[in-house]
Amino acid sequence: MNNKTQLPLAGVRVVDFGQQIAGPAVAMVLADFGATVVHIDPPEGPQWDHPANAVLNRNKSCIRLDLKAEAGRSQALALIDKADVVIESFRPGVMKKLGIDFDNLRSARPELITLSVPGFASNDDLRKEWKATEAVVAATCGAFTDMGFNRVLMGVNPSFSPLPLGSSYAVSLAASSVVLSLLEREKTGRGDSIEVPVAAALMEGLSYNSYVIDGLPERYKTLREEEIEHRKANNITMDLSYDDLQEYLDPFYRTYECADGRMFYCVCPSHRNHAKRALKLLGIYDELMAEGLPDVKDLHMPIAEWDGETSIGVYPLPKKWADIISAKMKKAFLTRTSDEWGKLFGEGQIPGAPHRTTQEWVNDEHTNAAGLIVEVDDPEYGLMKQGGPIAWLEDLADNMLTPRARKNVTFAEALAELNKVAAEETVTRPTGNHIKPASGKGWLDGVRILDLTNVIAGPHSTAFLSRFGAEVIKLDPVTPLYDPLIGTLFTFQTGVSKRSALVDITTYEGREAFNRLVRSVDIVVINAPERQMKPLGLDHESLQAVHPGVLFCRLDCLGGPRRGPKTDYIGYDDIIQANSGIMSRFGGPTTPEEHAHLGTLDVNCGFAAGLGMAVALYRKQKTGVVSRARTSLSAVTNLAQAPFAFDYAGRAPFNEPSGREALGNHELSHFYPTGDGWIYLDSSLDDLNKLEQVEGLAGISAADDVSQFLTLALSKAPADYWAQKLRSADIAAAVPMAIESLRETYSREADGTPGTDQGSFAFSIYRDHPSGHCITQVDHYSIRPSEAQVRAFRPTERFGHSTREVLSSVGYTPAEIDSMIERKIAGLGWGKEFLPS
């Protein structure tokens, strides 16, 4: 197999000690890209006994070793000796206690890459010894407390969700870090020792729930926020019903019932064209125009200077027009089935999708045709539908769609497999005396990226890579397509560390400027459907004609490794949440509700695109082959639903916890009220003997109703008391935290450091933010190499702030730039204010 047909990580050897989801899934992602992986379980089998292990361990050779015995430890070290990468996901220090010391291993073999994915950071002295289950991390990080305006208004707190978001973010981040370390190793011969705490990854994933803008203008407050403020000010109970809540939702951002009794999610806020198309398709556009619906020309002007009270394409709409439009849309949606609307919206390039369950998603015609779902003949479960790769390279996509089922092997077979791959590898990195000292630079120092993306997922991908030293030029149109809420407010997260330039690339001169920029960079990134590539000149042939060797990355909504019926449909995070079952699970089958974390899938799609770009860079460095990296919101939803997104004959029912009343997975993994608040106990039947030994819980193993027993027992003392008692017995438990409390406790004045030394939580306060507001944001701190540098981000600059500098860097004179700005081929801003008031 030559360089053009072999998978990009072919020849990379991985020993995977990971348990639960995060560790094994990182190794699965590397295996999907061609790495050879030996997975090691303890003698009694995996800690998490679940059918999802068939997915997490595909493409792997699996063995069981007793690391507490000398023989098992010696065998593990023999396997590591043949590895390029070693992965573990235990509590900090556990591997060292078992006799596998990463520092010593790397001292003997500096080319080795080690990855640790603990629940809490090794420099978090308070929590690093906690039993960090998925739910414990989520509760501690505020994921069950900060569940959005809907849950606040309904008075639901805490809110439980079974989505393993912490692990899903950690997987994309950690896999990217391994590939970037492999890229650096190709240049220097040196590996690295990396830590990615799941808690820190989750905090980065929840970044849109945690950042605060002091003095945020009133125009950005939704009807829900206004109602929350009203109720708090007047001491009114938060008790809205689900039906009542719907009337506080923007008409372009809510669920509608269709003719078949099923629900449809419309997601057209903040974009003038999308909203107008939706109203025309629904047959109510002309009615609204006749009733005087305003159409403000420049939404980026201060509201005081608008030529109307509101406009199509602005979010949120004032209540008057929200009520009028919603009433008409409700009637219109009742005229067709949810499937009919899904096809009409998709083919009409309007964001929206029918609500469906995860079972329907896994068995859907599109997901299967597009390679978003693949089939694996598992030795235990037979023919099994599994989530496909989370990222891929276009020219090798087909090679990733036929994963090998996991297989159990002996130690001798595992060692022989690693030896065989090692013998066949063409080593292209410095070795022996040619290994270079650690540079102390970022993995992507010197890499230049042209970012053509918008909203969250796309721009988040390049913001992610900027922490490693990549220089990012953010190129936007002179006239914005989105209103300031999405077009500006979101960029406070996604625009960090970038230089902003505004150029109209639809003009002849603007296109020449674009081509010059393409020739100056290593990677071009966009989020758009495939059908737009040729018209934009971003298909492979056109792009290579401008700059031979330039890499490319594309993100979209419903795309997969192959084409499917919905490949060219456009959309956002919310559309895949609705279509893949996340909303039906979170809100309940008959009352679907958006998973409350803004950017639930968007952020991870950005991380997955970063992974794809890292793989493309590694492949080019090692083989010279130029790649086009790909991912989609649909691809990463399978990772976010790892415990559910699979099917096979005889599978247990898809009946995981759902709805607003769900407070846990089962009676031993559940929220319980205590004497002064809530606690999450994350236990199992295997822990009953331990629970018996906890003072105040004796008798639990004989209780007829364990839930009733725990409700009564735990109510007798404060939450912190029980948390301490349970942890002392090595039982997972956590007092739910609010992100607001975490931010108050762990914020510091921005000091030019990335926060990797701050433990599991780190926020920076930017008092002199370019927007003129004081902004507090979570740091880019989850990836922690020992040798490579991670840099703190620079706050997002105003749109067009660097237009002159960027154009000058590709050969334009000051006079030429002035002329382009005067003729609106280039621009210096979208309005009078960075964040319009």
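**Cavities and a helix pair**

The count comes to 7 cavities of 30 Å³ or more, a cavity being a set of points on a 1 Å grid over the protein atoms alone where a 1.4 Å probe fits but cannot get out; a volume is the space filled by probe spheres set on the points, which are joined across faces, edges and corners. The model is predicted: local features need pLDDT of at least 70 and side-chain atom pairs pLDDT 80 or more, while totals for chains, interfaces and linings use all residues. Residues are numbered from 1 along each chain as its sequence is written, and side-chain values use heavy atoms, without hydrogens and water.

The largest cavity has a volume of about 130 Å³. Of its 14 lining residues, Val-55, Gly-387, Asn-638, Leu-639 and Ala-642 are the closest to its centre, where lining means having an atom within 4 Å of a point. Helix H2 (52–56) gives the most to this lining, with 3 residues. The second largest cavity, of about 90 Å³, is also lined by 14 residues, and Glu-184 and Glu-787 are among those nearest its centre.

Helices are DSSP runs (H or I, at least four residues) numbered from the N terminus. The axes of H8 (residues 165–188) and H28 (residues 602–623) come within 9 Å and cross at roughly 20°, axes being lines fitted to C-alpha atoms over the stretch in contact, with angles from 0 to 180 degrees between N-to-C directions. H8 and H28 are therefore roughly parallel, the term for angles under 35 degrees.

Conventions. Helix = DSSP H or I, 4+ residues; strand = E, 2+ residues; numbered from the N terminus. Parallel < 35°, antiparallel > 145°, perpendicular 65-115°, else oblique. 1 Å grid on protein atoms, 1.4 Å probe; cavity = no way out; pocket = protein on both sides within 12 Å on 5 of 7 lines; lining within 4 Å.
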